[in-house]
Amino acid sequence: MKRLFFILVLAVSTFAAKAAGVDTIADLIGSNPAVVGDPCVVAGYFTAGDGGGGSFNYSLGSSSPTNFGTVFSALGGRWLRDYVDPVDIRWFGALPSAPGSTNNVRFRFQEALNHADEILVTNGTYWVQVDVPGTAWTT
């Protein structure tokens, strides 16, 4: 009876193992899924705590198109974000701009819009450069 209990405890502790983690999306993309584990918790998009992190699962052989927010290509498969709508714009690397910043987040907003009908945009100022057709300037 004691042996059976010991084996049962080992099986439960294996399934309750904590997810591996990395600091940024770049770390996730550059990681080896076999080493990092599945799932993997990311602390932030560019830096830990910036709101762009989340939980991802690796799908070997997946060919889902990379969208830089919910799907990232890596080592013969894809990292897929675990989420429920709406998507957060920070998941695509669009973070509020610091005063005087020229961090153009147009591409990141477009990727989010291509992927989802509903997007959560956090408070802040976002610098978006847009080409105005028929003019020699942008705004």
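Start by selecting Pro-86, which sits in the loop between β5 (77-81) and β6 (87-88). Strands here are DSSP runs of E with at least two residues, helices are runs of H or I with at least four residues, and both are numbered from the N terminus. Now show the backbone on either side: the peptide bond joining Asp-85 and Pro-86 is cis, with omega at about 5 degrees. Most peptide bonds are trans, and most residues other than glycine have a negative phi.

Before moving on, keep in mind that you're looking at a predicted model, where local features need pLDDT of at least 70, side-chain atom pairs count only at pLDDT 80 or more, and totals for chains, interfaces and linings use all residues. Residues are numbered from 1 along each chain as its sequence is written, and side-chain values use heavy atoms, with hydrogens and water left out.

Next, go to Phe-68, in the loop between β3 (54-60) and β4 (71-74). Phe-68 isn't a glycine, yet its phi is positive, about 65 degrees.

Hop to Leu-75, in the loop between β4 and β5. Leu-75 is another non-glycine with a positive phi, about 40 degrees, and it counts as exposed at 54% relative accessibility.

Finish at Phe-109 in helix α4 (residues 106-115). Leaving aside residues up to four places away in sequence, Phe-109 touches Ile-89, Ala-94, Val-121, Tyr-126 and Val-128 (contact means heavy atoms within 4.5 Å).

Terms used:
Buried < 20%, exposed > 50% of the residue type's maximum accessible area, 1.4 Å probe, protein only.
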